[in-house]
Amino acid sequence: MAHRNDYKAVSLRERFEAFILPVTESGCFLWIGCCDTDGYGVFKAHGFNWKAPRMAYLLAYGPFPLELHVLHKCDIPCCVNPKHLFLGTNTDNIQDRNKKGRAWYTPENKLKRIEAKIKLLEAQV
């Protein structure tokens, strides 16, 4: 029986990189580990669940202020390619989301939700 000291110590970077699948066509590094409900990878390190893009940025570029967000140039939530990631404020994150049409509460999306509710109510009558 192997003793726990017989196992090779694996670095944080090696553990992280074991969950990456490079996609040549897009240049994305897809996270194939656990993901949250929004599609962002989750990586456990030092007893804390990290968003995988935050960990990827940290491993590539070093520490950054916790109040900053890690945004995607490629707009693929499970991408962890550091070249596709950049830092931004909460305002930057909101503006990026709106520019890419991912805000669920835009006037267009609100109108679609209202129309869907009307159709549902009509179907029930």
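Visitor: Asp 96: buried or exposed?
Guide: Buried. This is a predicted model, and in it Asp 96 has a relative accessible area of 9%. The cut-off for buried is under 20%, so Asp 96 falls in that class.

Visitor: Where does Asp 96 lie?
Guide: In helix α3, residues 90-99.

Visitor: And what does Asp 96 touch?
Guide: Leu 71, His 72, Phe 86 and Arg 102. That list leaves out residues up to four places away in sequence.

Visitor: Which side chain meets Asp 96 in a salt bridge?
Guide: Lys 100. The N to O distance is 3.1 Å. Lys 100 is partly exposed, with a relative accessible area of 27%.

Visitor: How many salt bridges does a search of the whole structure find?
Guide: Two. Besides the bridge of Lys 100 and Asp 96, there is one between Lys 51 and Asp 36. In that pair, the closest N and O atoms are 2.6 Å apart.

Visitor: What does the pair of Lys 51 and Asp 36 link?
Guide: Distant parts of the chain. Lys 51 is in strand β4, residues 48-51. Asp 36 is in the loop between β2 and β3. They are 15 residues apart.

Visitor: What is the relative accessible area of Lys 51? And of Asp 36?
Guide: Lys 51 has 36%, which makes it partly exposed. Asp 36 has 22% and is also partly exposed.

Visitor: New topic, aromatics. How many pairs does a search of the whole structure find?
Guide: Seven aromatic pairs. One of them is Trp 31 with Phe 43. Their ring centres are 5.8 Å apart and their planes sit at 90°.

Visitor: Why is that pair called edge-to-face?
Guide: Because the planes are at 90°, and planes over 60 degrees apart count as edge-to-face.

Visitor: Which strands hold Trp 31 and Phe 43?
Guide: Trp 31 lies in β2, residues 29-31, and Phe 43 in β3, residues 42-45. The pair therefore ties together parts that are twelve residues apart in sequence.

Visitor: What are their relative accessibilities?
Guide: Trp 31 is at 5% and counts as buried. Phe 43 is at 2% and counts as buried too.

Visitor: How far apart are the ring centres of Phe 48 and Trp 50?
Guide: 5.7 Å. The planes are at 90°, so this pair is edge-to-face.

Visitor: Which residues do ring pairs link into a cluster?
Guide: Phe 16, Phe 19, Trp 31 and Phe 43.

Visitor: What else does Phe 43 touch?
Guide: Leaving out residues up to four places away in sequence, its contacts include Leu 12, Arg 15, Phe 48, Asn 49, Trp 50 and Met 55. Phe 16, Phe 19 and Trp 31 are on that list as well.

Visitor: Where do the side chains of β3 point?
Guide: They alternate. Phe 43 and Ala 45 point to one face and are buried.

Visitor: How many bridges join β3 to β4?
Guide: Four, and the strands run antiparallel. The bridge partner of Ala 45 in β4 is Phe 48. The hairpin of β3 and β4 has two residues between the strands. His 46 in that hairpin takes a positive phi near 55°.

Visitor: How many residues of α2 are buried?
Guide: Seven of ten, so α2 is mostly covered. Among them are Met 55, Tyr 57 and Leu 59. The cover includes α1 (12-17), β2, β3, β4, β5 (69-72) and β6 (85-88).

Visitor: What comes just after α2?
Guide: Gly 62, with a positive phi of about 95°.

Visitor: Last one, the whole chain. What pattern does it follow?
Guide: Read along the sequence, α-β-β-β-β-α-β-β-α-α. That is four helices and six strands. Of the 125 residues in the chain, 26% are buried. The accessible surface comes to about 9200 Å², with 60% belonging to carbon and sulfur atoms.

Note on methods. Residues numbered from 1 in each chain as written. Predicted model: local features only at pLDDT ≥ 70, side-chain atom pairs only at ≥ 80, totals over all residues. Heavy atoms only, no water. Phe/Tyr/Trp six-rings, centres within 6.5 Å; stacked < 30°, edge-to-face > 60°. Buried < 20%, exposed > 50% of the residue type's maximum accessible area, 1.4 Å probe, protein only. Salt bridge = Lys/Arg side-chain N within 4 Å of Asp/Glu carboxyl O. Contact = heavy atoms within 4.5 Å. Areas by Shrake-Rupley, 256 points an atom, 1.4 Å probe, with all protein chains shown as cover. Pairing = 2+ DSSP bridges.
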